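Subject: Structure for you to look at

Dear colleague,

Here is the structure I promised to pass on to you, with its sequence. Please open it first and keep it in view while you read the notes that follow.

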Amino acid sequence: MNTLILRTVAPVLTALMLLFSVFVLLRGHNEPGGGFIGGLIAVSALAIYGIAFGVSAVRRAIRFHPMAIAGSGLLLATLSGLISIFAGVPFMSGLWIYPEVLGVEVPLSTVMSFDIGVYLVVVGAITSIALALEQDSEPREVVAEPPPLRAKRPRKPRPKPKVEG
Amino acid sequence: MAAPSTDISAALVLVSPHLADWLVVLPVALMIGFGAVLMMVRKSVRLHGTIAITGLALLVFLDAALLVRVSTYGPVTMVMGRWLPPFGIAFTADLFGSLMAFVSAIVALAAGVFALRDIDAGGRRYGFFPFLMLLMAGVSGAFLTGDIFNLYVWFEVLLISSFGLLILGSEPEQIDGALKYAVLNLIGTTLFLIAIGYLYAIFGTLNMADIAGKASRLRETAPLVTLTALFILAFAMKAAAFPVNFWLPASYHTPRITVSALFGGLLTKVGIYALIRVTVMLFPVEREELSLVVAISAALTMVIGALGALAQNDLRRLVGYVVIAGIGNMMAGVAIGTPAAVSGSILYALHSVVTMTALYLVAGEAARLGGAWSLSGLGGLYRRAPWFSAASLALFLAAAGLPPLSGLWPKVALLKASLDIGAWWLAAAILISAFIVTLALSRVFLLAYWRPRPEPAPELVIARDWRIAWPLGCLTALSILFGLFPETVLDLSQRAATGLAEPSAYIRSVFPGGAAP
Amino acid sequence: MEALFAILIGLFFAAAIYLMLSKHTVRILLGIVLLGNGVNLLLFTTGRLTREVPPIIPNGMDALAAGAANPLPQALILTAIVISFSFFAFLLVLTYRAYQELGTDNTDEMRLAEPRDEERPPLGY
């Protein structure tokens with residue numbers, strides 16, 4: 001699947017789909033959408049990127065290990081349920097605050113943070129499955145170099161991971 | 001945000017919950033939270049043990065607090081998201097659920113400490129401790145939920161984590177065992193889901209308290225016996241009762257021994273818990289109709305489990321068959337169905353959670369000391385480790401049901417209950433099964449402990465390790481204590497069984513203002 | 001309409017059971033997938049079959065429109081789909097690994113965990 005067309009389109013498509021996934025996530029409160037479907041869209045974006053540039057490129061692009069992303073989402077979802085202990089309402093009750101940002105009232109709620117948690121869980125868990133499956137089928141030859149993620153500042157070379165144990 | 005014009009406050013919980021009510025939800029939330037943290041720090045393997053043991057210790061503490069609360073004030077309920085039951089998902093802890101949750105938490109803590117030694121860095125990097133946390137979230141959720149679809153979800157949570165634990169290491173044998181385990185358990189939970197579908201079609205609700213209240217009204221018209229039969233089949237599959245038990249001996253001996261211990265102690269008991277909850281509390285009349293089938297299955301499970309134990313050479317597989325024999329005993333209590341019999345089943349479940357986990361751990365330690373899993377290869381353990389041998393002997397006697405250990409009391413209760421209703425053949429099956437299990441386990445002691453080593457191996461110096469001594473010692477002590485001073489646990493399990501047979505307190509805790517229309 | 005669905009669900013179950021009785025793991029897997037879909041259909045049918053009104057509260061209203069579908073079975077199905085999807089992914093990988101490691105997809109020959117010629121326990125010292 002290493003064609004020129006795909007390699008040219010993939011970064012743009014990935015960026016667009018990620019943006020759209022966030023849109024679907026935030027839309028989900030009152031209309032069809034939500035964390036689960038948004039997460040799935042984000043995963044398919046990453047999968048397209050992986051098909052074009054290989055698994056290691058995706059792993060570099062998302063920086064954190066997919067399971068760590070899933071874990072953070074799970075933690076966020078649990079905490080949004082537990083916040084209601086301080087408000088004196090049962091577990092998982094929706095709580096709202098309306099801070100003013102630059103003169104615009106922004107409704108924020110535990111419902112939304114729970115949904116963001118779901119989004120992260122789906123992104124993490126399914127990306128890790130997708131990457132594992134892609135890694136298996138990937139040809140051993142060198143895949144094309146992806147375009148630099150951040151053109152301005154080249155990232156410092158990472159220190160080699162210490163040997164664990 | 002326009003104010004809604006319809007008044008929805010009638011569907012909301014308006015009183016703020018007592019802080020102690022949170023104890024129903026916190027065990028599950030705690031385990032999920034710790035599992036999430038462990039997933040986030042997956043690279044720093046060294047932290048895993050500390051974090052996980054802290055989490056499990058907290059879980060024991062929370063479950064103990066919940067048990068105290070429930071046994072003093074009666075069942076506790078919390079509804080998710082302020083929606084009144086039956087609209088919101090309710091978590092309801094009664095005495096039965098909180099007892100089981102407490103004992104499983106103790107066992108998980110013991111197994112977690114044992115894992116510090118048993119699971120190496122590779123297993124931890126693969127995610128043993130996160131999976132353990134999620135498994136405990138599933139187990140606690142199953143024991144504490146008050147909603148039958150939610151029960152299904154927790155079943156799946158613990159099933160998914162158990163898959164992860166089962167293939168830890170990815171040996172070919174594990175993959176073989178895991179395939180059979182996964183396929184059959186998946187079919188079992190699908191059957192459960194089918195039953196839930198029919199239940200929803202009949203009742204229009206999934207809240208257990210609501211179902212218990214409505215069952216008497218619908219009994220004349222609805223096919224409740226069929227429904228109960230489906231539930232019994234699904235849960236018997238989860239609990240490994242004959243004739244749907246063959247996945248257990250095919251898979252439980254393949255993973256690491258800590259994982260086997262957790263599975264043998266907890267997973268089948270979750271199936272028994274669900275069986276008791278649904279048949280005794282929700283559909284008692286239908287259970288009566290099906291009691292002969294359950295009784296026959298129970299008797300066969302006991303005897304076949306015991307005979308299987310007698311025929312095994314591998315220590316782990318032998319323990320697996322002992323687990324099955326125990327399942328038969330618990331099913332017998334369900335088949336008889338009187339409060340005394342159900343309390344015997346509950347007692348047996350509590351005893352079995354502790355003893356079966358401990359037996360698997362004993363098998364692991366025996367293999368470490370003796371260098372083999374098979375009875376033909378083991379020998380001379382008594383000379384090597386007298387204290388360990390004493391603890392093993394105590395656990396063997398407990399599992400066989402001999403006095404003065406924990407296995408005696410549930411067996412006595414079940415025997416008495418079955419003789420009371422005149423089911424002499426069930427009583428005979430219990431006795432025969434106990435006799436054969438005694439034979440099998442005493443032969444283990446003879447061959448692996450008393451007998452001199454088959455070929456004199458070089459005397460390895462094997463250091464004593466607190467990570468093995470403490471869990472084993474504590475579980476054995478628990479079993480001995482329960483055998484010598486059974487009054488508290490007997491009393492608690494009797495009250496739990498009464499609460500199941502007469503669930504008015506349970507229903508009142510979910511619907512304080514009277515049952516839903 | 002419900003009767004039609006009942007027959008359809010029955011067909012799903014029959015096909016699923018037929019496939020699961022096979023010796024080959026891939027067919028068993030397909031049977032499980034079919035069974036899962038049959039169950040989803042069953043859950044859907046239990047919540048009454050209605051036409052074309054999704055259970056979404058329209059803009060400016062507080063309650064569902066009349067004749068809207070029952071949202072609860074849909075929620076149940078969504079949960080069940082997610083769960084069965086993840087199980088299917090796991091089982092697919094597991095079957096594939098089993099085929100690689102054990103060299104067979106015939107369950108009769110998968111005897112690694114329970115070998116046929118297992119030693120009997122010693123009868124005495």
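Is B:Gln174 buried or exposed? Please keep in mind, while you look for this residue, that the model is a predicted one. B:Gln174 is buried, because 23 other C-beta atoms lie within 10 Å, and the cut-off for calling a residue buried is 20 or more. You will find B:Gln174 in helix H7 of chain B, which covers residues 172–203. Leaving aside residues up to four places away in sequence, B:Gln174 touches B:Leu166, B:Ile167, B:Gly169, B:Thr254 and B:Pro255. The C-alpha atom of B:Gln174 is also separated by 9.4 Å from that of B:Arg256, although these two residues are 82 residues apart along the chain.

Now for chain B as a whole. Chain B contains 22 helices and two strands. Its radius of gyration is 22 Å, which is close to the 24 Å that the globule rule gives for 517 residues, and therefore chain B is as compact as a globular protein of that length. The C-alpha trace of chain B spans about 85 × 60 × 40 Å along its principal axes, and 65% of the 517 residues of chain B count as buried. If you take the contacts in chain B with a separation of 6 or more, 82% of them are accounted for by residues 24 or more positions apart.

Helix H15 (residues 339–370) of chain B packs against helix H21 (residues 487–501) of chain B at an angle of about 125°, and their axes are 8 Å apart. Because of that angle, H15(B) is oblique to H21(B), and the crossing of H15(B) and H21(B) is right-handed. On the side of H15(B), the residues that meet H21(B) are B:Pro339, B:Val342, B:Ser343, B:Ile346, B:Leu347 and B:Leu350, while the residues of H21(B) that meet H15(B) include B:Val489, B:Leu490, B:Ser493 and B:Gln494. Sorted by class, the contact of H15(B) with H21(B) has eleven nonpolar and four polar residues, and no charged ones.

As background, most peptide bonds are trans, and most residues other than glycine have a negative phi. In chain B, a cis peptide bond joins B:Pro85 and B:Pro86, with omega at about 5°, and B:Pro86 lies in the loop between strand S1 (76–79) and strand S2 (90–93) of chain B. Another cis peptide bond joins B:Phe242 and B:Pro243, where omega is about 5°, and B:Pro243 is found in the loop between helix H9 (224–239) and helix H10 (247–251) of chain B.

Chain A has six helices and four strands, and from the N terminus on its elements run α-α-α-α-α-β-β-β-β-α. Of its 165 residues, 34% count as buried, and among the contacts in chain A between residues at least 6 apart in sequence, 70% join residues at least 24 apart. What is the phi of A:Arg63, a residue that is not a glycine? Phi of A:Arg63 is positive, at about 65°, and A:Arg63 sits in the loop between helix H3 (55–62) and helix H4 (66–82) of chain A. A:Arg63 is exposed, since it has 9 other C-beta atoms within 10 Å. A:Met92, which is likewise a residue other than glycine, has a positive phi near 70°, and its place is in the loop between helix H5 (84–87) and strand S1 (96–97) of chain A. A:Met92 counts as buried, because 25 C-beta neighbours lie inside 10 Å.

Lastly, please look at where chain C touches chain B. The contact takes 35 residues from chain C and 35 residues from chain B. On the side of chain C that touches chain B, helix H2 (25–46) and helix H3 (71–102) of chain C each supply at least two residues, and the largest share of that side, 14 residues, comes from H3(C). By class, the residues of chain C on that side divide into 22 nonpolar, six polar and seven charged.

With best wishes

Conventions:
Residues are numbered from 1 along each chain as its sequence is written. Chains are lettered from A and ligands numbered from 1 in the order in which they are written. This is a predicted model: local features need pLDDT of at least 70, side-chain atom pairs count only at pLDDT 80 or more; totals for chains, interfaces and linings use all residues. Axes are lines fitted to C-alpha atoms, for helices over the stretch in contact, and angles run from 0 to 180 degrees between N-to-C directions. Angles under 35 degrees count as roughly parallel, over 145 as roughly antiparallel, 65 to 115 as roughly perpendicular and the rest as oblique. A crossing is left-handed if the near helix is turned anticlockwise from the far one by less than a right angle, and right-handed if clockwise. Two residues are in contact if their C-beta atoms, placed from the backbone, lie within 7 Å. Ala, Val, Leu, Ile, Met, Phe, Trp, Tyr, Cys and Pro count as nonpolar, Asp, Glu, Lys and Arg as charged, and the others, Gly among them, as polar. The radius of gyration is taken over C-alpha atoms; the globule rule is 2.2 Å times the number of residues to the power 0.38. A residue is buried if 20 or more other C-beta atoms lie within 10 Å of its own, exposed if 12 or fewer, and partly exposed in between; C-beta atoms are placed from the backbone.
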